[in-house]
There are 2 protein chains.
Amino acid sequence: MALGAPTGANAQPQPFSAQATDPTLMGWMQGFPPPADMLVTQPDSNYFSFPKLRWSVCHLREFLPTEEISRGIGAPVPLNYPSPAQFADLRHEIDAVTFMPQNSDEEMTWEESLYANYTDGILIQHKGKVVYERYFGCLEEDGKHAIMSMTKSFTGLLAEILVVEGALDDTARVADIIPEIGDSAFASATVRQVMDMTTGVKYSEDYSDPDADIWLYSAAASPLPKPEGYEGPDGYWEYLQQVEPEGKHGEEFHYKTINSDMLGWIISRVSGKSVTELTAERLWRRMGVEQDAYQTVDGKGVPFAGGGITAGLRDLGRLGQLMLNGGELNDERLFPADVVENIRAGGDRSKFGTGFPTFGPGSYTSQWWVFHNDHGAYAARGVHGQTIYVDPTAEMVLVRLASYPRAQNGFIDPTSLPAYQAVAEFLMKRE
Amino acid sequence: MALGAPTGANAQPQPFSAQATDPTLMGWMQGFPPPADMLVTQPDSNYFSFPKLRWSVCHLREFLPTEEISRGIGAPVPLNYPSPAQFADLRHEIDAVTFMPQNSDEEMTWEESLYANYTDGILIQHKGKVVYERYFGCLEEDGKHAIMSMTKSFTGLLAEILVVEGALDDTARVADIIPEIGDSAFASATVRQVMDMTTGVKYSEDYSDPDADIWLYSAAASPLPKPEGYEGPDGYWEYLQQVEPEGKHGEEFHYKTINSDMLGWIISRVSGKSVTELTAERLWRRMGVEQDAYQTVDGKGVPFAGGGITAGLRDLGRLGQLMLNGGELNDERLFPADVVENIRAGGDRSKFGTGFPTFGPGSYTSQWWVFHNDHGAYAARGVHGQTIYVDPTAEMVLVRLASYPRAQNGFIDPTSLPAYQAVAEFLMKRE
């Protein structure tokens, strides 16, 4: 059986199944002190490798410096729930929903998919009510989970808000906003190309290649003191200043994290605020969230706009609901409806390419993934299985946090995307 | 004029005065990116040296890994305030309160003392109502501030709760609870001696001595990877296992931080919970606080029980009120009244010595400072001017957070302790 292959909820746990790698069951960081082989530490071990990953996704701040994304100090606005009896009924009905995984001829139940995907937290809202909510692994209702590249969608949403409000010109070139970008390949790209990741910039994330750009990016980004003799860029922004061109701007979508950090720099320069401050001011402090979120930083205190956020499951549900509602939440308008309209409309589909076969033919705009399917769904997505999935037709918001053994969503989509569609159809029929 | 000497609120700001070193005015970490000489970073600079200190006390998590002390996800319980008009009146009356600093023949006003002490936040509650609240420097009402050694009083309070509840025997020897303490000098000390810092353990904090124990402690505690060839202890607890004796247990009070970390280990072993978890469970989640707090950790995830907490001003006010109320807050009993009784009663005064002339003849018990004065006051205290000061006679709780240039409270007490007494007397007379 392959690592991470689907495992039924009631099947015998397999060696590397979600059930067998539950971090509490495995004993990571338990005891005072924990046994040496149960330590998960930043200095000594690869804390983000599976199965340690299943513990670490809830504990990033214990390894790294972070900045707070403040909720403020007021009372949270509770989510809406059906009665406990209705909620229990819904749980059982949804658990039994079946779907056909991509490239499979074996039906799977919704509940089986949760284990197949190493789900840590799952929340479904329908017409503004929570209809399903479960926690697994390291996550609890008052805990937080790394959201990985869903961070990009926060950065992109902030940028889209600034564009619609007129504070950011998405036709401007990066060099006009940040002159010190110098002769970086980013200099001649437009803000929109950065937002939609159609820049022509050299950046490879092939982890098996020791010369891949990701390694220099990681070295630049590390908040630890640089090694003796290190002469490379220090921090995200110095890295961005020396990016080389590859291809032409505007021709094709290339999913490269450096665009998100470039965008973070742009919106900070334009707004005079860090992305953490801006997220707090425009979103977190106004959404009635229950928990502060946080974001990892480089050695100069710059938040990782491409992947650094950790947040609570329900608060991510609030963000999805805000998107579904076109910028309104709790009877307050947080930003113009055009912001969501622009994202929902999607980017240029002809530029999307064929690099994401499990996602299908879609587009990427303002750092959101748009499915262009019958339901008009769009999503924030992060490695190891993170998603905020908004289905406007079904009036459904779904958040899943996970710690799938492998990073790429190509492994996770086959048992996820058809499941979301099936649940959406179930909810539409049930009412 | 000496560094940090008293400076009147209305006097011309002196070069190193509180007014002149306001971190916003100085420009630390402003801009995207900040100018190179305005960076305050962990890898490159001494971020805890004055005047950078004035920025860093509000931003520790941006330098270091931390663990959350969760407030939970419910609504905070608001503090009680007088009407805005009454509050404004009180502000002006309290600002004008005068007192005579220790060893001085020049009267000072309360408001002048705030600047003299590089105050970042000050909150006074009287009979359960907030009568005075101001923010300076890096702190705002929804911000947080390092509380330094007031952390010890959190650790000591948890220990005292466990003792009163019968979960921890304070007559037990450390080795009976933590056998792997081995032949450390702590092995033969009682829990009570650790709680009251009357252990006979070798530990010097003389920062001018390159062989002082503090340097090895810092190296052990650092969450950064250990330097090549480092063979010393890794983490707080490994350090404690190799502490040598100095003097006899139980004979005299010696203020040594390692006792607090020893106590943190003891209560974690006994309760099966980290001090962050225990603080959350016994205090933070039940006090109606507004903000999560957090605590720095070593490279193995062990929270710094001797000094690692950062928290909000009002939430520290809630803790002071909980103490004043003998363990009750918001109509709920959080722990037995004996816990506060034991702390208020103080430790053995004959063992206090003469090492704290500005504090006067007092005692230290369960990691709280007891004044044994007419008002029966006691306090949590931390370097650079942090205090929670509880005056049972005046029914007053006072919290001050500060970033005084020098660490030792001996420099700060002369313009603080007489000011607290004067405000207490003012409040008693005013009613």
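1. In chain B of this predicted model, a disulfide forms between B:Cys58 and B:Cys138, with 2.0 Å between the sulfur atoms. The torsion about the S-S bond is about 65 degrees, so this disulfide is right-handed. B:Cys58 sits in the loop between helix 2 (53–56) and strand 1 (66–69), and B:Cys138 in the loop between strand 5 and strand 6 (145–146), so the bond ties together parts that are 80 residues apart in sequence. With buried meaning under 20% relative accessible area, B:Cys58 qualifies at 13% and B:Cys138 at 17%.

2. You will find a disulfide in chain A too: A:Cys58 is joined to A:Cys138, S to S 2.0 Å. Its torsion is about 65 degrees, so A:Cys58 and A:Cys138 make a right-handed disulfide. Both A:Cys58 and A:Cys138 are buried. Over all chains, the count is two disulfides.

3. Helix 3 of chain B (residues 84–95) is worth a look. Its twelve residues reach 16 Å from first C-alpha to last, close to the 16 Å expected. B:Leu90, B:Ile94 and B:Asp95 are buried here; seen down the axis, the buried residues fall within an arc of 125 degrees, so they line one face of the helix. Among the elements covering them are strand 4 (119–126) and helix 14 (417–430) of chain B. The face turned away carries the exposed residues B:Ala85 and B:His92.

4. Finally, B:Thr199 lies in the loop between helix 7 (191–196) and helix 8 (213–221) of chain B and counts as buried at 2% relative accessibility. Its side chain makes a polar contact with that of B:Asn259, at 2.6 Å. Beyond its sequence neighbours within four places, the contacts of B:Thr199 include B:Phe186, B:His249 and B:His254.

Technical notes: Residues are numbered from 1 along each chain as its sequence is written. Chains are lettered from A and ligands numbered from 1 in the order in which they are written. This is a predicted model: local features need pLDDT of at least 70, side-chain atom pairs count only at pLDDT 80 or more; totals for chains, interfaces and linings use all residues. Side-chain values use heavy atoms; hydrogens and water are left out. Helices (H or I, at least four residues) and strands (E, at least two) are DSSP runs, numbered from the N terminus. Buried means under 20% relative accessible area, exposed over 50%, partly exposed in between (1.4 Å probe, protein chains only). A polar contact is a pair of N or O atoms within 3.5 Å; within protein, one must be able to donate a hydrogen and the other to accept it, and residues adjacent in sequence count only if both atoms are side-chain atoms. Contact means heavy atoms within 4.5 Å. The expected span of a helix is 1.5 Å times one less than its number of residues. The arc is that of the directions from the helix axis to the C-beta atoms. A disulfide is a pair of cysteine sulfur atoms within 2.5 Å.
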